[in-house]
Amino acid sequence: IHGRGTRMTRIPMIGIASRWRGTRIGSMAVSLLLAEAITQARGAGIEETEISWILETNHAMLNLARSLPAYHTRTFRIYEREL
């Protein structure tokens with residue numbers, strides 16, 4: 001959804017079926033999906049795209065994000081404790 005004056009969008013989650021994780025096809029599918037999302041956003045006049053909700057243990061997605069002309073802004077952690 002793009003309204004006038006909006007210059008930023010978010011891609012909250014990108015996932016791949018477990019049987020394709022760690023394969024070239026899975027990596028290519030996620031890369032192409034992300035590239036298409038960025039291309040569509042640019043076509044709509046969006047200047048910034050945020051990729052969020054990436055687990056610290058998801059090294060494949062973190063490496064993909066690092067390969068983009070992007071920067072890391074924040075890290076949020078959820079800790080569990082008894083109330």
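**Exercise 1. Find which residues Ser52 touches, leaving out those up to four places away in sequence.**

Solution. Start with the location: Ser52 sits in the loop between β2 (48-51) and α2. Helices (H or I, at least four residues) and strands (E, at least two) are DSSP runs, numbered from the N terminus. Next, list the partners, with contact meaning heavy atoms within 4.5 Å. Ser52 touches Arg10, Ile11, Pro12 and Met13. Finally, check the cover: Ser52 counts as buried because its relative accessibility is 10%. Here buried means under 20% relative accessible area, exposed over 50%, and partly exposed in between (1.4 Å probe, protein chains only).

A word on the model before you go on: it is predicted, so local features need pLDDT of at least 70 and side-chain atom pairs count only at pLDDT 80 or more, while totals for chains, interfaces and linings use all residues. Residues are numbered from 1 along each chain as its sequence is written, and side-chain values use heavy atoms, with hydrogens and water left out.

**Exercise 2. Describe the setting of Trp53 and its phi angle.**

Solution. Trp53 is placed in the loop between β2 and α2. With 62% relative accessibility, Trp53 counts as exposed. Now look at the backbone: phi of Trp53 is near 60 degrees, a positive value in a residue other than glycine. For background, most residues other than glycine have a negative phi.

**Exercise 3. Work out how Met8 is placed relative to Glu48.**

Solution. First locate Met8, which belongs to strand β1 (residues 8-11). Then compare sequence with space: Met8 and Glu48 are 40 residues apart in sequence, yet their C-alpha atoms are 4.6 Å apart. Not counting residues up to four places away in sequence, Met8 touches Ile46, Glu48 and Glu50. Met8 counts as partly exposed, at 38% relative accessibility.

**Exercise 4. List the residues of the largest nonpolar core and say which elements supply them.**

Solution. Begin with the term: a nonpolar core is a set of buried Ala, Val, Leu, Ile, Met, Phe, Trp, Tyr and Cys residues joined through side-chain atoms within 4.5 Å. The largest one has six residues, namely Ile11, Val30, Leu34, Ile38, Met61 and Leu64. As a general point, nonpolar side chains in soluble globular proteins tend to be buried together. Then zoom in on one member: leaving aside neighbours within four places in sequence, Leu34 is in contact with Ile11, Ile14, Ile51, Met61, Leu64 and Leu68.
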